[in-house]
Amino acid sequence: MSVAAPNTQVLANKYSPSSDISLDSFKVVTAPAPTKESLNDNQVLIRNLYLSIDPYTCQRLIGDSEKYIPQFELNKPIRGYGSAVVEASTNPDFAVGEIVDVPDASWENLSVVDAAALRKAPSGANARDL
């Protein structure tokens, strides 16, 4: 029986109502990594390459549910825009090695994403080029 490799995740640890976001606003944990065997129909296993941190990220950590964007769920991965490489896929439109844009990427090494949530990067982009 094989043991799944660890998957590093960055979680929302606490809200900061005073807008003073600090390192303790986040928590870094490891969890079992998803595998290609865990994919359902039309899902893609991606390895995140780039994850953005944007001004709205701080707004989502303030904990004010009246803001224009929902707050992050505590003890769940931070989410934001990202770029990733396809590691495995059950959707024929996404091949291993292709670069994809992930509008709602989890801050973790590996993620399982519904194929409909992904956009292919411009043609010619390939993980070997990065």
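**Close-up views of a predicted model**

**View 1. Contacts of Arg-60.** Arg-60 touches Tyr-15, Ile-69, Pro-70, Gln-71, Phe-72 and Arg-79, leaving out residues up to four places away in sequence. The model shown here and in the other views is predicted. Arg-60 belongs to helix α1, which covers residues 55-62. The residue is buried, yet Arg-60 has no salt bridge. Asp-104 is the nearest side chain of opposite charge, 5.0 Å away.

**View 2. The salt bridge of Arg-79 and Asp-104.** Arg-79, one of the contacts of Arg-60, meets Asp-104 in a salt bridge, at 3.1 Å from N to O. Arg-79 is in strand β4 and Asp-104 in strand β5, so the pair ties together parts 25 residues apart in sequence. Both ends are partly exposed: Arg-79 has a relative accessible area of 29%, and Asp-104 has 42% relative accessibility.

**View 3. The five-stranded sheet.** The open sheet has the strand order β6-β3-β4-β5-β7, with antiparallel pairing. Strands β6 (110-114) and β7 stand at the edges. Each has a single partner strand, so one side of each is left without a neighbour in the sheet. Strands of a sheet pair through backbone hydrogen bonds. Inside this sheet, β4 and β5 run antiparallel and are joined by six bridges. Ser-83 stands opposite Asp-101 in β5.

**View 4. The largest nonpolar core.** Which residues make up the largest nonpolar core? There are 11 in all: Val-44, Ile-46, Ala-84, Val-86, Phe-94, Val-100, Val-102, Ala-105, Val-113, Ala-115 and Leu-118. Strands β3 (43-51), β4 (79-89) and β5 (99-106) each supply at least two residues of this core. The most come from β5, which gives three.

**View 5. Leu-118 and its contacts.** Leu-118 is a member of the largest nonpolar core. Beyond its neighbours within four places in sequence, Leu-118 is in contact with Val-44, Ile-46, Phe-94, Val-100, Asp-101, Val-102 and Val-113. Among these contacts is Asp-101, the residue in β5 that Ser-83 stands opposite.

**View 6. The salt bridge of Glu-98 and Lys-120.** The side chains of Glu-98 and Lys-120 meet at 3.3 Å, N to O. Glu-98 sits in the loop between β4 and β5, and Lys-120 in strand β7 (residues 119-120), so the pair ties together parts 22 residues apart in sequence. Strand β7 is one of the two edge strands of the sheet. Glu-98 is partly exposed at 23% relative accessibility. Lys-120 is partly exposed too, at 44%.

**View 7. The salt bridge of Lys-14 and Asp-24.** The structure holds four salt bridges, and one of them joins Lys-14 to Asp-24. The closest N and O atoms are 3.3 Å apart. Lys-14 and Asp-24 both lie in the loop between β1 (6-12) and β2 (26-32), 10 residues apart. Are these two residues buried, exposed or partly exposed? Lys-14 counts as partly exposed, at 33% relative accessibility. Asp-24 is partly exposed as well, with a relative accessible area of 40%.

Conventions:
Residues are numbered from 1 along each chain as its sequence is written. This is a predicted model: local features need pLDDT of at least 70, side-chain atom pairs count only at pLDDT 80 or more; totals for chains, interfaces and linings use all residues. Side-chain values use heavy atoms; hydrogens and water are left out. Helices (H or I, at least four residues) and strands (E, at least two) are DSSP runs, numbered from the N terminus. Buried means under 20% relative accessible area, exposed over 50%, partly exposed in between (1.4 Å probe, protein chains only). Lys and Arg count as positive and Asp and Glu as negative; His and the chain ends are not counted. Contact means heavy atoms within 4.5 Å. A nonpolar core is a set of buried Ala, Val, Leu, Ile, Met, Phe, Trp, Tyr and Cys residues joined through side-chain atoms within 4.5 Å. Two strands pair if DSSP finds at least two bridges between them.
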